[in-house]
Amino acid sequence: MLCNFAAVDRLSLLEKILDGRGRWTQAVAAEAQQSTRYWPRLRQVTEDGWLGDPIEIDDPAETALVDRMRRVVFGGSPSRPLQHLGEAETLVIIEHRRELADSVWITDDGEAGHYARRKGICVKNTADLMREAVGGGLTPASEGHRLLLAMGAAGRHVRGVPQKPEGLLP
């Protein structure tokens, strides 16, 4: 999802949508860092600090649970230890840390989102965030729709893009 907004140079809009409520795990921060090769603007997320310090998972029980989720739930390969690590970390902290229990998981990974919804976790994707931006007066529906289409044109997979800008209206 970060890459989607970086692809259209609108990380500032994402920052406004999240309004200080966004957080990320170490794996997600590392994925974003690796993605700066393709989307250099992602550097500004770390530089500006609006997602805070990455949430650490250093408890051995949580670490084991993350690896099990990564492999069993998300199909991560034992030979590729970083595969689906961000999704697994996010799931574990939302499910097992009391202070994060009411968190909203933002992901465009359909499988991860589907699994989280079945577990009772509120999930939003990029199109949902754009609806929030439109509803909150951060961007007009026409611009939000244009941005979603531009994300797709940049090679990003964005789920739930409405046919017309009106589909972003509350």
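Reply: The account below begins with the basis of the model and the overall fold, and then turns to the charged side chains.

This is a predicted model, in which local features need pLDDT of at least 70 and side-chain atom pairs count only at pLDDT 80 or more, while totals for chains, interfaces and linings use all residues. Residues are numbered from 1 along each chain as its sequence is written, and side-chain values use heavy atoms, with hydrogens and water left out.

The chain has nine helices and two strands; these are DSSP runs numbered from the N terminus, helices being H or I with at least four residues and strands E with at least two. Read from the N terminus, the order is α-α-α-α-α-α-β-α-β-α-α. The C-alpha trace spans about 45 × 35 × 30 Å along its principal axes. Of the 170 residues, 42% are buried, where buried means under 20% relative accessible area, exposed over 50%, and partly exposed in between (1.4 Å probe, protein chains only).

Side chains of opposite charge can pair when their charged atoms come close. A salt bridge is counted here when a side-chain nitrogen of Lys or Arg is within 4 Å of a carboxyl oxygen of Asp or Glu. The count by this rule is nine salt bridges.

One of them joins Asp9 and Arg41, whose closest N and O atoms are 2.5 Å apart. Asp9 lies in the loop between helix H1 (2-7) and helix H2 (11-18), and Arg41 in the loop between helix H3 (26-35) and H4, so the pair ties together parts that are 32 residues apart in sequence. Asp9 is partly exposed at 40% relative accessibility, and Arg41 is partly exposed at 42%.

Another pairing is found within helix H8, where Arg131 and Asp128 lie three residues apart, about one turn of the helix. Their side chains meet in a salt bridge at 3.5 Å, N to O. Arg131 has a relative accessible area of 27% and is therefore partly exposed; Asp128, at 24%, is also partly exposed.

In helix H9, Glu143 and Arg146 are likewise three residues apart, about one turn of the helix. The salt bridge between their side chains has an N to O distance of 2.8 Å. Salt bridges that share partners join Arg10, Glu143 and Arg146 into one network. Arg146 is partly exposed, at 44% relative accessibility.

Between these two helices, H8 (126-135) and H9 (141-153), the loop contains Gly136. Gly136 is exposed, with a relative accessible area of 54%. Its C-alpha is 8.2 Å from that of Ile17, although Gly136 and Ile17 are 119 residues apart in sequence.

Asp53, Glu56, Asp58 and Asp59 gather in a patch of negative charge on the surface; patches are made of residues with over 30% relative accessible area and no salt bridge, with like charges joined within 9 Å. Asp59 is in the loop between helix H4 (43-48) and helix H5 (60-73), and its 35% relative accessibility makes it partly exposed.

Terms used
Patch = residues over 30% accessible without salt bridge, like charges linked within 9 Å, V, L, I, M, F, W, Y side chains within 5 Å. Areas by Shrake-Rupley, 256 points an atom, 1.4 Å probe, with all protein chains shown as cover. Lys, Arg positive; Asp, Glu negative; His and termini not counted. Charge placed at Lys NZ, Arg CZ, Asp CG, Glu CD.
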